[in-house]
Amino acid sequence: MRKIAPWLLWIWIIGVIWAAFFYAPLAEGFVGQSSRILFFHVPMAWVSFVAFLAAGAWSIRFLAGGRRVAHDHAASAAVELGLLFCVLATVTGALWARVMWGAFWNWDPRQTSIVLAMIFYAAYLALRSAVEEPETRRRLAAAYAVLGLVVAPFLFFVLPRLTFSLHPDTVVNLRGRIEMESRMRQVLAASSLAFTVLFFWIHRIQVRLKARAERAPLGRTRP
Amino acid sequence: MSRTASSWLSEAAAVFAKEWRCELRTRYALNTVLLFAFTTLVMVSVALGPMGVDSVARATVLPMLLWLILLFAAAAGLPRVFGHEEEKHTATALRLAATPSALFCGKLAFSLTLFAAIEALTAPLFLAMMQLPVAAPGHFLAALVLGGWGLAAASTLVAAIVGQARGQSTLFAVLSFPVLLPLLLLAIEATRAAVGGGGGADSLSRLVLYDAAMTVVSLMLFPAIWNP
């Protein structure tokens, strides 16, 4: 099973890519084929959100539940991967903005909040590399990640309401409903599932790598 | 060992009194931070002049400049709240002497009063030098108080984190600015509304939310940061 599972994931992802281009219809009111980026941009943003949330949860478990090193590894791996997906979401968003709005960047509230989230979690990694003593590093990093759980709602829910946004409705919009053609909704759900599984798969590998690097007698210890 | 509320309060008060006594002995934070705020203020004022910004842009640009001056003044002075304990190797004694929550409250009270003093001197000077009339002084004052509270609370917590790391001054800026950015945007929004004379109640209530969340989470996180 362990050997087949990655292949199933790859087949699933290929299916999603095919469906995004040939099965799903185009959304109304978008330039050309640009609405198809939705099937990749939204899951990336979703995964980075899940990753940062998971990093916060693992940090709470680390601080409250006996300071186990495995929880710290899980939190830092989640932040690293979350940053990667955050960058991907930002880049795909900027490409789409170029097509739809005519500029890669215009400080739309959504763009502002994703950049601030990126800076915050980059600062988390900077903090990790600034503390030499491993136990202090884990403790301080975990505290900072929990602080992120307080800052994030302001970034994602409070700030976007300060100014008018051009960004299309987020999947569940302010009216609390999903307003999307059913085939598009299917592909988006399949894609989000694929990206989420992909994230947890890479995350598991990262955590095992970190644990091994820590055990290695002469190996480098990764921050 | 049970601690009563009054002993907790007296511990917090002792920490607060000790901070101010140390501060008044050296006047390090007051002198440097105030001079820093004053220098940036003069620079802004000379560069822009009272007529440097046209009257339409004034209400949008000037509140932002005021908060930038306050932000950098906070970044110059507040890291020392915990930094000097590590520098002088008094942190261990402090760990033995006070409960973490009382210690944090004492330090927070010191940061709040210090920053209030900085604001009380900087803001009127800024208004006078830039010749910026404020349409709703009550809202302006509320924005200063609430923004200052959030700034001091978040800076104190980050100072506690940074105090135990190396490369302190740069690290403080790196860690605190992403935490402070939402607060600053809200404070700038509230100040703009106060200067313009319309609304701003929305931003003020969000500022209260931020301050409350930051204070509560600081109190919860501080023991984990402080105790090895």
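Hi everyone, let's start with one pair of helices. In chain B, helix α2, residues 28–48, and helix α3, residues 55–77, have axes that come within 9 Å and cross at roughly 150°. One thing to keep in mind from here on: what we are looking at is a predicted model.

So how are α2(B) and α3(B) oriented to each other? Angles over 145 degrees count as roughly antiparallel, and therefore α2(B) and α3(B) are roughly antiparallel to each other. Their crossing is right-handed.

Now find the residues where these two helices meet. On the α2(B) side, look for B:Ala29, B:Thr32, B:Val33, B:Phe36, B:Ala37, B:Thr40, B:Leu41 and B:Val44. Facing them from α3(B) are B:Leu65, B:Ile69, B:Phe72, B:Ala73, B:Ala76 and B:Gly77. Sorted by class, this contact has 11 nonpolar residues, 3 polar ones and no charged residues.

Let's zoom out to the whole of chain B. The C-alpha trace of chain B spans about 65 × 35 × 30 Å along its principal axes. A compact globule with 228 residues would have a radius of gyration near 17 Å, and the 18 Å of chain B agrees with that. Buried residues make up 46% of chain B.

On to chain A. This chain has 6 helices and 0 strands, running α-α-α-α-α-α from the N terminus. Its radius of gyration is 19 Å, close to the 17 Å that the globule rule gives for 223 residues, so chain A is as compact as a globular protein of that length. The C-alpha trace of chain A spans about 55 × 45 × 30 Å along its principal axes. In chain A, 36% of the residues are buried.

Last stop: the place where the chains meet. Here, 22 residues of chain B are in contact with 23 residues of chain A. Which helices of chain B each supply at least two residues to that side? They are α8 (168–196) and α9 (201–226). The largest share, 9 residues, comes from α8(B). By class, the side of chain B that touches chain A has 17 nonpolar, 2 polar and 3 charged residues.

Key:
Residues are numbered from 1 along each chain as its sequence is written. Chains are lettered from A and ligands numbered from 1 in the order in which they are written. This is a predicted model: local features need pLDDT of at least 70, side-chain atom pairs count only at pLDDT 80 or more; totals for chains, interfaces and linings use all residues. Two residues are in contact if their C-beta atoms, placed from the backbone, lie within 7 Å. Helices (H or I, at least four residues) and strands (E, at least two) are DSSP runs, numbered from the N terminus. Ala, Val, Leu, Ile, Met, Phe, Trp, Tyr, Cys and Pro count as nonpolar, Asp, Glu, Lys and Arg as charged, and the others, Gly among them, as polar. The radius of gyration is taken over C-alpha atoms; the globule rule is 2.2 Å times the number of residues to the power 0.38. A residue is buried if 20 or more other C-beta atoms lie within 10 Å of its own, exposed if 12 or fewer, and partly exposed in between; C-beta atoms are placed from the backbone. Axes are lines fitted to C-alpha atoms, for helices over the stretch in contact, and angles run from 0 to 180 degrees between N-to-C directions. Angles under 35 degrees count as roughly parallel, over 145 as roughly antiparallel, 65 to 115 as roughly perpendicular and the rest as oblique. A crossing is left-handed if the near helix is turned anticlockwise from the far one by less than a right angle, and right-handed if clockwise.
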